Amino acid sequence: MLELALFSLLNGLVFGMLLFMLSSGLTLIFGMMGVLNFAHASFYMLGAYFAYTLGASVDFWPALLLAPLLVGGLGALVERFGLRRVHRFGHVAELIFTFGVAILVEEVVQLVWGRPAKSYEAPAVLDFALFRLADNAFPAYKGFMLLVAVGIFLFLFGVFTRTRAGLIIQASLTHPGMVAMLGHNVPRVFMVVFGVGSALAGLAGVIAGPVLGTFPGMAQVLGSIVFVVVVIGGLGSLTGAFIASLAIGVIQTSAVALDLSLGTTAASLGLPVDGGGALQDLWRVTIAQVAPMLPYLLLVLVLIVRPTGLFGTRET
Amino acid sequence: MSKAKRGLIGVLVLAVVAWLAPGAMSADPIRVAYIDPLSGPFAATGENGLKQFRYAADQINRAGGVLGRQVEIVPFDNKVSPQESLIQLKKVIGDGIPFLFQGNSSGVAHAISDAVQKHNERNPGSRVLYLNYSAVDPALTNEKCHFWHFRFDAHADMKMAALTDVIKANAKIKKIYVIGQDYSFGKAVADAAVKMLGQKRPDIQIVGNELHPIGKVKDFSPYVQKIIASGADAVITGNWGADMVNLAKAANDGGLKVPFYTYYAASDGVTAAIGAAGVDRIRLVHESHPGNPDAPKPLADHIAGYKKLHANNDINQARIHTALNMLALAVKKAGSTDADKVAAALEGMEWTNLSGDHVVMRPDDHQLLMPIYISVHTNKGIKFDYDNSGFGLSLESKIERDKATLPAACTMKRPS
């Protein structure tokens, strides 16, 4: 039972850190644009596909660096020649633009790579069990994922809190007019933020592709949960995104291990259980079964209790 | 212009029209709708199915078509959503297409089957036939059966009966974990497993009976850890599409070494994902010869021809060939595309499929009766691999048709 708990926690951490790599970029871009970027998960998908193709010709390790750079460049171009023009026409136009980009990317991926899942595999060097406990194995690749994600996290926080560039970015997010007055090129800051955010999503794709699968629906599958993370954490807040990512990662994976249902819980507490009637399904549903629903439940609860999200400053 | 002259021209025009019309009619293709996922997480499965249908249709067309008409497959994307499927069904009916194939997801199948039955009862003039090539919830041909639904795949109970026979013979298995997608098919598999194991091997303990949301789970590692913690020494799963790929990946990574008994753990990315870790460990129950080690000649030719056209896809549903050819034969016999007449012609129809098996459409419940095969994932003696991975399925045992047949439990109401 102990190893089950430990492995659930580890898996939750890996998944949570992966979510953070996606949501950190998304939440920064939100802070900048004021609207959600629907195309964010598409950059994640592009990262995986780029790495798959590059990995076939060069190797996994150069691809790990090149693919995010390519995706980041693409993101910067989208901002420079797409979003910046659309920005003039207000939030609705921006929202629809990012939505269009998301659909476009999915279609292009299907055209170029086809619909079946690609067998994008983790490098052979990392294809061993890092450690074993009872019959469970913790794959080295997951350890590597965790390492990369923690590295990115430290890097982001370092840049934001310790460097001049971070200062300017933070100021541009909240007071773009003032920063421009001081002689900084705010549109370029935005382009860089968008590019870096996309590159992070791309990197998440590169390292998640071998574990979560590389197929045209991968953006859709992860996209919704990333929005949940960003909204729970508070739109625009990096700390919030971090905490919400970890929380959702751990909650979702450990809930799977719990076979408790309302009925069994009530019975173990000695309460009389009415097992029949119209509500019989409700009594029998286990926490494990509703695990994938929990993040959305949490989202609703957070929005009711604290509409700004955990660390956000504006209403969502 | 005199009255007589005008009358003559009128007659001439009519004659020309009458002469042209049948010609134009016979050039009209027989349209067959295909409603399945062509986008989203299950797109790979739907897309490959569509290619196999078109491949089978092309063969029929090259041989002269049906009633002198070509067969045309018209695809409709339902995103495996029952609601979306009903919208697509309206389009099919609106376009006057008399036949529709669907297979992916029994949830969708129930929605379509219900809607087709209601439509046909209310609109005798525009009836359509629902040909189900893959949705295997037993209820579709049992309590929910109706005259306008035909199933060309063995249903979940038939397959489970075969699987449990194999498990019964394996004395090493003492604890079994059942995991599946949370919808009608996943539940049907779980119920059948519990019931049949209870009868055949009461000593086996079901240590887990898990349902997870379909198409929503990103990482199966927590489920795999739970299976390991349960101490199971075999797993039964009906997972398909991305859910099977990801379950296989997580099992490999998490160090789960026990045998898997599956319904759909092959092709469309699954075989590649399982790879070397699944050799001699993953077993599959299905309705066709797996193509290895010695494929019957018609099947071998069929696979080789398909591979030439679609190098990255596999023939993983040979029943598609059976279903389309039986429909073509029924249309020929009925001499029309009228749904009632074709349905009547399909009842009791016999056919020899690509595996060389003699299959028959049981009139009592419109379930195709066929032998069932059990194959194992391996790279030894594989001539026709899946996913170009070098791995494929190899025949292990075959349950003959009469042994694989379960009694019909349908009260069929036929249109008077």
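1. Across the interface of chain B and chain A, the rule finds 6 residue pairs in polar contact, both residues being at pLDDT 80 or more. A polar contact is a pair of N or O atoms within 3.5 Å; within protein, one must be able to donate a hydrogen and the other to accept it, and residues adjacent in sequence count only if both atoms are side-chain atoms. Four elements of chain B each supply at least two residues of the side that touches chain A: helix H2 (43-62), strand E7 (205-212), helix H7 (221-230) and helix H8 (242-254). H7(B) gives the most to that side of chain B, with 7 residues. Helices (H or I, at least four residues) and strands (E, at least two) are DSSP runs, numbered from the N terminus.

2. This is a predicted model, in which local features need pLDDT of at least 70 and side-chain atom pairs count only at pLDDT 80 or more, while totals for chains, interfaces and linings use all residues. Residues are numbered from 1 along each chain as its sequence is written, chains are lettered from A and ligands numbered from 1 in the order in which they are written, and side-chain values use heavy atoms, with hydrogens and water left out.

3. How many residues of chain B are in contact with chain A? There are 29, and they meet 35 residues of chain A; contact means heavy atoms within 4.5 Å. The two chains bury about 2,800 Å² between them, 57% of it on carbon and sulfur atoms. Buried area is the accessible area (1.4 Å probe) that two parts lose on being put together, summed over both.

4. The rule finds 1 salt bridge across this interface. B:Asp219 forms a salt bridge with A:Lys142, with the closest N and O atoms 3.3 Å apart. The term requires a side-chain nitrogen of Lys or Arg within 4 Å of a carboxyl oxygen of Asp or Glu.

5. Over all chains, the structure holds 30 aromatic pairs. The ring centres of A:Phe60 and A:Trp61 are 5.1 Å apart and their planes lie at 85°, so this pair is edge-to-face. Rings of Phe, Tyr and Trp (its six-membered ring) pair if their centres lie within 6.5 Å; planes under 30 degrees apart count as stacked, over 60 as edge-to-face and the rest as tilted. A:Phe60 is buried at 6% relative accessibility, whereas A:Trp61 is partly exposed at 34%. Buried means under 20% relative accessible area, exposed over 50%, partly exposed in between (1.4 Å probe, protein chains only).

6. B:Phe185 and B:Tyr263 are also edge-to-face, because their ring centres are 5.6 Å apart and their planes at 75°. This pair links distant parts of the chain, 78 residues apart: B:Phe185 is in helix H6 (residues 184-200) of chain B, and B:Tyr263 is in the loop between strand E9 (260-262) and helix H9 (270-274) of chain B. Both B:Phe185 and B:Tyr263 are buried.

7. A:Thr27 is in helix H1 (residues 2-33) of chain A and is buried at 0% relative accessibility. The side chain of A:Thr27 reaches the backbone nitrogen of A:Ser237 at 3.4 Å.

8. A:Thr98, in helix H4 of chain A, is buried at 1% relative accessibility. A:Phe128 lies in the loop between helix H4 (91-113) and strand E1 (129-133) of chain A and is partly exposed at 45%. Not counting residues up to four places away in sequence, A:Phe128 touches A:Phe138, A:Pro139 and A:Ala140.
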